[in-house]
Amino acid sequence: MNLSFFKNRQDNQPQLSDIDWQRFCHRVQNPQVRAEKDGTLFAPVTFRGLRAKQNVTEVSMLVLDFDHGATVNEEWAIIRESGYTAAL
C-alpha cells in the first residue's frame, strides 16, 4: 500500500513509500514516543505534488486517531465488532 511520509506537521513535500501490511502493522505497534506532538508522520494517501487535500489521488486505508479522552479499549471493541481488518 502507498503511504506518504513527512518530516513534521509543517512539511508539505510527501515522500511516497510502498509498504506491505506486515511492515505497517509493526511500525504502528511500535510507535515513537515523544513529548511534543510534532514529529515524523504519515498519511495513507498518494499526492500529486504538494501535501494538500485537492492533490490527493489515492487513499490506501482509513486511519482512526483516538485522541481527546477516548480509550483504546472502548474504540477497539467497536472496530472488532465491525469485522474490518485493523492493526492496534
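Two strands count as paired if DSSP finds at least two bridges between them. Strand 1 and strand 2 of this chain meet that cut-off, with four bridges in the antiparallel sense. The model is predicted. Its chain has 88 residues, of which 20% are buried. The secondary structure comes to two helices and five strands, and along the sequence these follow the pattern β-β-α-β-β-β-α.

**Overall layout**

- The C-alpha trace spans about 40 × 30 × 25 Å along its principal axes.
- Of the contacts between residues at least 6 apart in sequence, 48% join residues at least 24 apart.

**The sheet**

- Strands pair through backbone hydrogen bonds in a sheet, and the pairing can be parallel or antiparallel.
- In this chain, three strands make up an open sheet with the order 2-1-3, and their pairing is antiparallel.
- Strand 2 (15-18) and strand 3 are the edge strands; each has a single partner strand, so one side of each is left without a neighbour in the sheet.
- Neighbouring strands of the sheet are turned against each other by 35° on average, direction ignored.
- Strand 1 is mostly covered, as four of its five residues are buried.

**Nonpolar core and Phe5**

- Five residues form the largest nonpolar core: Leu3, Phe5, Ile19, Phe24 and Met61.
- Phe5 has a relative accessible area of 13%; this is under the 20% cut-off, so Phe5 counts as buried.
- Beyond its neighbours within four places in sequence, Phe5 contacts Gln13, Pro14, Gln15, Ser17, Arg27, Leu41 and Phe42.

**Aromatic rings**

- A pair of aromatic rings is described by two values, the distance of the centres and the angle of the planes.
- The chain has four aromatic pairs.
- One of them joins Phe5 and Phe42, with 6.4 Å from centre to centre and 45° between the planes, and is classed as tilted.
- This pair links distant parts of the chain, since Phe5 belongs to strand 1 (residues 2-6) and Phe42 to strand 3 (residues 41-43), 37 residues apart.
- Phe42 has 27% relative accessibility and is therefore partly exposed, whereas Phe5 is buried.
- Ring pairs connect Phe5, Trp21, Phe24 and Phe42 into a cluster.
- Phe6 has a charge over its ring: the charged end of Arg51 sits 4.6 Å from the ring centre.

**Met1**

- Met1 is placed in the segment before strand 1.
- Its relative accessibility is 25%, so Met1 counts as partly exposed.
- Not counting residues up to four places away in sequence, Met1 touches Ser17, Asp18, Ile19, Asp20, Trp21, Phe24, Ser60 and Met61.
- Three of the residues named elsewhere in this briefing as core members, Ile19, Phe24 and Met61, are among those that Met1 touches.
- Met1 and Val45 are 44 residues apart in sequence, and their C-alpha atoms are 9.2 Å apart in space.

**Asn55**

- Asn55 lies in a loop, the one between strand 4 (45-47) and strand 5 (56-59).
- With 17% relative accessibility, which is under the 20% cut-off, Asn55 counts as buried because of that value.
- Asn55 and Val28 are 27 residues apart in sequence and 25 Å apart in space, C-alpha to C-alpha.

How values were computed: Residues numbered from 1 in each chain as written. Predicted model: local features only at pLDDT ≥ 70, side-chain atom pairs only at ≥ 80, totals over all residues. Heavy atoms only, no water. Core = buried A, V, L, I, M, F, W, Y, C linked by side-chain atoms within 4.5 Å. Buried < 20%, exposed > 50% of the residue type's maximum accessible area, 1.4 Å probe, protein only. Contact = heavy atoms within 4.5 Å. Phe/Tyr/Trp six-rings, centres within 6.5 Å; stacked < 30°, edge-to-face > 60°. Lys NZ or Arg CZ within 6 Å of the ring centre and 35° of its normal. Axes fitted to C-alpha atoms, helices over the stretch in contact; angles between N-to-C directions.
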